[in-house]
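Subject: Structure handover

Hello,

Please find the structure below, followed by some notes on what turned up in it. The notes cover side-chain contacts.

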Amino acid sequence: MFTQADLEYLDANYVSLEEVCDGRPESPADVEALIEARRLPRPSYVLPDGAGRFPADYFRLIDDAGGVDRLREQFAARHRAANGRALERDWEMYLDGTWGICLKDVTPETIVRKNTLVSSLCELLVLARPRYGDWRQALREQVDELDELERQFSPDFDRSDELDRLPTRDLIIATARERYPEVFA
């Protein structure tokens, strides 16, 4: 399922469970048990041999919360403070490892911001007004901000026909830049 280009992307952008646990009190076995109990996120990618690939900052949010026992509570508080609207969905996607595929920094704030930008950009693209300066400015600023938040995604696996849809990087960022090149010139 993974091409050589995908594996190179994963090697450059993710780490193994052993690497993410290196120097930490949690052992890989501890993390695996917490993942199974839906208390910590799954790996963002799983290789054909079953080995997981995790964002290097996997423990950042956990450490910010003061440990696994406070993770859900802190996630919810920060999500609410960022004016998030879909806490349960975002929490489940966090536990599924999805946000580690999408975001450079996986925090409730970046999750909420990505959701807000995607919604706003979909509206901007559907209700396009390219002759209006305020529309062009909003499109440019929001596309650039989403571009800064998002990872590149694996070149082939994340774009395969087996997935439900293309990454937002392709659907929104690339589409906006291709459709309105003068806005980004």
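Buried means under 20% relative accessible area, exposed means over 50%, and partly exposed lies in between, with a 1.4 Å probe and protein chains only. This is a predicted model, in which local features need pLDDT of at least 70 and side-chain atom pairs count only at pLDDT 80 or more, while totals for chains, interfaces and linings use all residues. Residues are numbered from 1 along each chain as its sequence is written, and side-chain values use heavy atoms, with hydrogens and water left out.

Aromatic pairs

Rings of Phe, Tyr and Trp (its six-membered ring) pair if their centres lie within 6.5 Å; planes under 30 degrees apart are stacked, over 60 edge-to-face, and the rest tilted. There are eleven such pairs in the structure. One of them is Y14 with Y45, edge-to-face at 5.2 Å between centres and 75° between planes. Y14 is in the loop between helix 1 (4-13) and helix 2 (17-21) and Y45 is in strand 1, so the contact ties together parts 31 residues apart in sequence. Helices (H or I, at least four residues) and strands (E, at least two) are DSSP runs, numbered from the N terminus. Y14 is buried at 4% relative accessibility, and Y45 is buried at 2%. F75 and W91 also pair edge-to-face, with 5.1 Å between centres and 65° between planes. This pair links helix 5, which holds F75, to helix 6, which holds W91, across 16 residues. F75 is buried at 0%, as is W91 at 7%. Ring pairs also join F2, Y9, Y14, Y45 and F157 into a cluster.

Salt bridges

A salt bridge is a side-chain nitrogen of Lys or Arg within 4 Å of a carboxyl oxygen of Asp or Glu. The structure has 19 of them. R38 bridges to E92, with the closest N and O atoms 2.5 Å apart. R38 is partly exposed at 25%, and E92 is partly exposed at 35%. R72 and E88 form a salt bridge at 2.4 Å, N to O. R72 lies in helix 5 and E88 in helix 6, so this bridge ties together parts 16 residues apart in sequence. Shared partners join R38, R42, E92 and D96 into one salt-bridge network.

Charges over rings

A charge sits over a ring if NZ of Lys or CZ of Arg is within 6 Å of the ring centre and within 35 degrees of the ring normal. The charged end of R129 lies over the ring of Y132, 4.6 Å from its centre.

Regards
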